[in-house]
Amino acid sequence: MNVIATSVFDIFKIGPGPSSSHTLGPMKAAGRFRQACAGLKKAALEKATAVEVSLYGSLATTGKGHGTDRSVIAGLLGWDPETVDPDAFDPLGTDPKAVYTFCAGKKEIPFRAGDIHFDTTPGNLPHPNTMVFRLKAGEGILLEQEYYSVGGGFILCRGEAEHPRPIPPIPYASMHQLRAQMDRLNIGLVELLRRNEAVVSGLDAERTDKGLDAIIDAMVSAVERGLATDAILPGPIGLARKAPVLLRRAQTIPDSPERFVILLNTYALAASEENAAGHRVVTAPTSGSSGIIPGIIYFAAKHLGISRELIREGLLVAGAVGGITRHNASISGAEVGCQGEVGVASAMAAAMIAHIRGCGMAVIENAAEIALEHHLGLTCDPIGGYVQIPCIERNAVGAVHAYNAYLLASAGDPARQKIDFDAVVEAMLETGRDMSERYKETARAGLAVCSIRC
Ligand code: SF4
């Protein structure tokens with residue numbers, strides 16, 4: 001069995017927005033290339049004169065809007081995505097004359113934003129998000145590495161399998177197998193996930209909780225920053241933030257079903273707008289979909305009185321849903337469209353809500369299934385390649401949709417559910433394979449084109 005060995009900390013990663021595949025992944029790849037260069041022999045490094053990066057596929061067509069060049073520069077400079085200072089990060093790459101220093105060991109090599117090339121030439125690529133890094137000595141190449149940003153901030157180097165991880169003690173490769181293991185061992189979902197997490201990440205319970213708390217805190221602060229900022233979002237669209245406007249509206253109306261929905265929308269928008277601004281967010285499972293789970297967590301803690309421990313558990317449950325989907329399909333908009341980003345985030349959130357509302361495994365699975373089922377076929381067509389329209393509102397809609405999926409799942413007899421989660425994941429993969437490449441984060445179809453014509 002090709003088991004899932006994904007840690008919850010692989011799914012939820014702190015880093016700058018707006019796109020895990022176009023921002024976080026390239027930043028990590030540039031950082032890995034920097035380390036690889038530092039490992040070259042001193043005599044080779046002495047000859048180095050330049051560093052050059054080529055971006056292909058979706059990274060080339062929408063990389064400008066996603067700030068891929070800025071992220072590559074930050075990675076080449078050796079900055080850490082988790083601790084990057086937004087004030088220093090924002091201006092990177094904006095001045096074509098600015099000279100940066102790439103340090104390979106003790107060797108310092110100057111480079112500019114112009115050394116990062118967006119190559120939109122059509123061709124057969126090994127992956128829709130391909131990038132090539134070169135360390136040069138004059139016209140010669142000292143080191144060349146090809147990376148693929150495979151979604152959710154995960155990267156692969158050419159010829160490299162995913163990093164081998166310890167096999168979890170309770171292995172599973174699908175939702176069906178996860179359920180079977182729970183039945184076989186007669187243990188609860190969270191107990192099973194915690195046992196596996198301890199082996200896969202190597203963290204004891206205390207350190208796991210500390211890590212989960214850091215994720216929750218980063219999510220909460222993204223929501224709170226978004227609620228407190230009225231600024232126009234960066235980029236040529238000139239999009240005004242909506243979260244503070246909705247919050248003010250919610251504050252004027254009494255507790256009611258309408259206020260409930262407004263607040264759920266508001267919190268998801270707030271985190272998503274912070275992502276669009278390129279600020280620090282948490283992939284959940286991607287940056288483009290990083291408003292949904294933080295919005296629900298914020299809502300649950302503030303308005304439903306859900307405890308920190310239950311929210312930690314909810315993250316583990318959501319992480320398991322994301323891990324199963326990534327293992328058997330994809331969480332990358334460039335591979336399967338937005339169904340793999342907002343659709344999966346909504347499924348993860350629905351499972352999380354079901355858990356924190358005290359539901360059992362059958363309802364948790366059904367909630368995730370319903371949420372993903374009704375995102376099948378969702379394309380990725382961001383206007384101008386900016387993670388703003390339709391992405392930001394789509395996060396708000398995805399959060400409300402997740403709550404609705406939980407309500408639907410918890411209303412009926414779970415045993416009567418006709419479609420299981422694994423089936424809908426398979427359907428998502430098949431739909432993604434049939435989807436035209438133009439609808440996979442290229443900004444060459446759908447809204448990205450029609451909005452210009454209108
Ligand atoms: S449309 Fe969806 S998949 Fe595409 S960039 Fe926006 S959030 Fe990501």
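**View 1. Contacts and overall build of the predicted model.** Among contacts (heavy atoms within 4.5 Å) between residues at least 6 apart in sequence, 76% join residues at least 24 apart. This is a predicted model: local features need pLDDT of at least 70, side-chain atom pairs count only at pLDDT 80 or more, and totals for chains, interfaces and linings use all residues. Residues are numbered from 1 along each chain as its sequence is written, and side-chain values use heavy atoms, leaving out hydrogens and water. The protein has 19 helices and nine strands. These are DSSP runs, numbered from the N terminus: helices are H or I, at least four residues, and strands are E, at least two. Buried residues make up 57% of the 454 residues. Buried means under 20% relative accessible area, exposed over 50%, partly exposed in between (1.4 Å probe, protein chains only).

**View 2. Around Met219.** Neighbours within four places in sequence are left aside here. Met219 then contacts Phe12, Val282, Ala284, Ile293, Pro294, Ile297 and Leu315.

**View 3. Helix α4, residues 58–66.** Seven of its nine residues are buried, so α4 is largely enclosed by the rest of the structure. The buried ones are Ser58, Leu59, Ala60, Thr62, Gly63, Gly65 and His66. They pack against α2 (20–38), β2 (50–57), α5 (68–76), β5 (116–119), β6 (129–137) and α14 (333–336). Just after α4, Gly67 takes a positive phi of about 75 degrees.

**View 4. Aromatic pairs.** Rings of Phe, Tyr and Trp (its six-membered ring) pair if their centres lie within 6.5 Å; planes under 30 degrees apart count as stacked, over 60 as edge-to-face and the rest as tilted. The count comes to nine pairs. Phe33 and Phe102 are stacked, 6.2 Å centre to centre, with 25 degrees between the planes. Phe33 lies in helix α2 and Phe102 in strand β3 (residues 100–104), so the pair ties together parts 69 residues apart in sequence. Phe260 and Tyr403 are edge-to-face, at 5.1 Å and 80 degrees. Phe260 is partly exposed, with a relative accessible area of 28%; Tyr403 is buried, at 9%.
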